[in-house]
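Have a look at the structure first, then read on.

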Amino acid sequence: MAACTLLCSLSRRVPIISINWSRGGAVSSALGAQSKRCGCYYSTSKHGSSKFYSDPAEAIKDIPNGATILVGGFGLCGIPEYLIAALLKTGIHGITAVSNNAGVGDFGLGLLLQTKQIKRMISSYVGENDEFERQYLTGELEVELVPQGTLAERIRAGGAGIPAFFTPTGYGTLIQEGGAPIKYNKDGSIAISSQAKEVREFGGRNFVMEQAIRGDFALVKAWKADRAGNIIFRKTARNFNQPMCKAAKITIVEVEEIVDIGAFAPEDVHIPSIYAHRIIKGETYEKRIERLTVHKAKDSKAKPKKEADILRERIIRRAALEFEDGMYANLGIGMPMLASNFIKPNITVHLQSENGVLGLGPYPQKDEVDPDLINAGKETVSVLPGASFFSSDESFAMIRGGHVNLTMLGAMQVSKYGDLANWMIPGKMVKGMGGAMDLVSSEGTKVVVTMEHSAKGGEHKILEKCNLPLTGKQCVDRIITEKGVFDVDKNKGLTLIEIAEGLTVDDIKKSTGTGFTVLPNLKKMEQISD
């Protein structure tokens, strides 16, 4: 009876000290059985507050016009297909959508852009969604571009009750200084621009204050929910879904499977039931793949390489020499990622991808493609033994915290003192900064830029001062082009340390838009061998 006494006392808030514990040794083992015999059910994990729905339209029916809605996913991976489709049918408008990106033209949030239901996007990446870019540049859509890691952390802070925080990301750029276009007029002038943000110095470095994001609703995609409302995700489909679960007044989760309590262990739960207010189960999922990429066997009759291909391979083979045994590296889209094909077989490099994976492997075989496993370029990938998956906010904690040794990425422009520009041409082209601003903001990470030495028409890309909006200020450590390799000193500027075969220093000077010094023992540009 001690167990029943305890349970009933707790329900009446009787002080535990007043209970007779003379037979306390039997209490623990008797609690479950005794509570059933006496009709006292006090389990705090039986069902919680999660409510299950069979119809996604019913789950979202109270979302009003003008709501701020957090929408999970990265590219098309882990997007809540059924909830977006239901939202499309409601016709609600004036939405502020918070999402890393907006899908593609005919899938994901791109569908809500087509119907003009979204008034403002808060995103890090426009990407290849032409309609997103068109609406933004013609003034039909307000767009607040936010560095990807800052976006993840603003959402995480919103769910944790933290109103603001300081980050090194974006210092010295439009993100901090203000003036980034949020909305254009039809004539191309700026109707709404971003405001300047507070800056404080900590430990001799400048940090930008960012405010938390909290939504009215969150639409989240997960793999499984148990009947208590606990949630687990699958592979890289976790991404922004996990922090968004916690950062809204009402979180609506769609899952592929609902399982009985106990089907997965408590320690395997990614999101406890306290955050999942409504749950629906989707029947079948399209899980469209944005960039299907598979392993290609070497062609014994390979086509002759064009000159442009030869020059790009020169950059890639030199970039591969930056890898060191045991290092953690994040590689951008294009040449940086291709450099991983030339990692020496006698070293181990742990590749991190900002969408939430550590231990990237090669492209998969055709029969191994998994739409829940992509890299930051939205390409299908595989992972190596010992790999791990995590959420976007966790990923950028690794990046900002200096745990990644090497970041390699492309550029539109680099200045003499290491300023980097690679995310927009105002009024003409905007892809968004994605994770680049965060990747170059860590004090403990080496930043290597791989790019062609000159733009089309011979326009300089290495300049005294960048004339495009900056991604980072004095952040680049090394520049690798088809013509040579420069080291960057934040105070002294550029030093040419390697030169491509067949070129002279005068050749480099003619194609470079700023002065530089030359290493006394200038070497020929190195190349990794097959």
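## Starting with a hidden threonine

A residue is called buried when its relative accessible area is under 20%. Keep in mind that this is a predicted model. Now try the cut-off on Thr-173: its relative accessibility is 1%, so Thr-173 counts as buried.

Where does Thr-173 sit? You'll find Thr-173 in the loop between strand E6 and helix H8 (174–177). Leaving aside residues up to four places away in sequence, Thr-173 touches Met-437, Leu-470, Thr-471 and Gly-472.

Next up is helix H12, which covers residues 392–400. How many of its residues are buried? The count is 7 of 9, so H12 is mostly covered. The buried ones are Ser-392, Asp-393, Ser-395, Phe-396, Met-398, Ile-399 and Arg-400. Just past the end of H12 comes Gly-402, with a positive phi of about 80°.

Helix H6 (residues 130–137) is mostly covered too, with 6 of its 8 residues buried. Those are Glu-131, Phe-132, Glu-133, Gln-135, Tyr-136 and Leu-137. Their cover includes helix H5 (110–114) along with strands E4 (118–123), E5 (142–145), E7 (181–184) and E23 (429–430). Check both ends of H6 while you're there. At the start, a side-chain oxygen of Asn-129 comes to within 3.2 Å of the backbone nitrogen of Glu-131. Just after the helix, Gly-139 has a positive phi of about 80°.

## A hairpin

Strand E7 turns up again here, as one of the strands covering H6. E7 pairs with strand E8 (residues 190–193) in the antiparallel sense, over 3 bridges. To spot the pairing, look for Pro-181, which stands opposite Ser-193 in E8. The hairpin has 5 residues between the two strands, and in it Gly-188 takes a positive phi near 95°.

## Salt bridges

How many salt bridges does the whole structure hold? A search finds 33 of them. One joins Glu-198 and Arg-200, whose closest N and O atoms are 2.7 Å apart. Glu-198 is partly exposed, because its relative accessible area is 34%. Arg-200 comes out at 45%, so it also counts as partly exposed.

Another salt bridge links Glu-526 with Lys-523, and here the closest N and O atoms are 3.7 Å apart. Both partners count as partly exposed: Glu-526 has 36% relative accessibility, and Lys-523 has 42%.

Asp-372 lies in the loop between strand E17 (357–360) and strand E18 (383–389), while Lys-287 lies in the loop between strand E14 (278–281) and helix H10 (307–319), so the pair ties together parts that are 85 residues apart in sequence. Are these two residues buried or exposed? Both are buried.

Most residues other than glycine have a negative phi. With that in mind, go back to Lys-287: it isn't a glycine, yet its phi is positive, at about 45°. This is the lysine in the loop between E14 and H10. Its relative accessible area is 19%, which means that Lys-287 is buried under the 20% cut-off.

Which angle does Lys-378 take? It has a positive phi of about 65°, although Lys-378 is not a glycine either. Look for Lys-378 in the loop between E17 and E18. At 6% relative accessibility, Lys-378 counts as buried.

Methods:
Residues numbered from 1 in each chain as written. Predicted model: local features only at pLDDT ≥ 70, side-chain atom pairs only at ≥ 80, totals over all residues. Heavy atoms only, no water. Buried < 20%, exposed > 50% of the residue type's maximum accessible area, 1.4 Å probe, protein only. Helix = DSSP H or I, 4+ residues; strand = E, 2+ residues; numbered from the N terminus. Contact = heavy atoms within 4.5 Å. Polar contact = N/O pair within 3.5 Å; in protein donor to acceptor, adjacent residues only side chain to side chain. Salt bridge = Lys/Arg side-chain N within 4 Å of Asp/Glu carboxyl O. Pairing = 2+ DSSP bridges.
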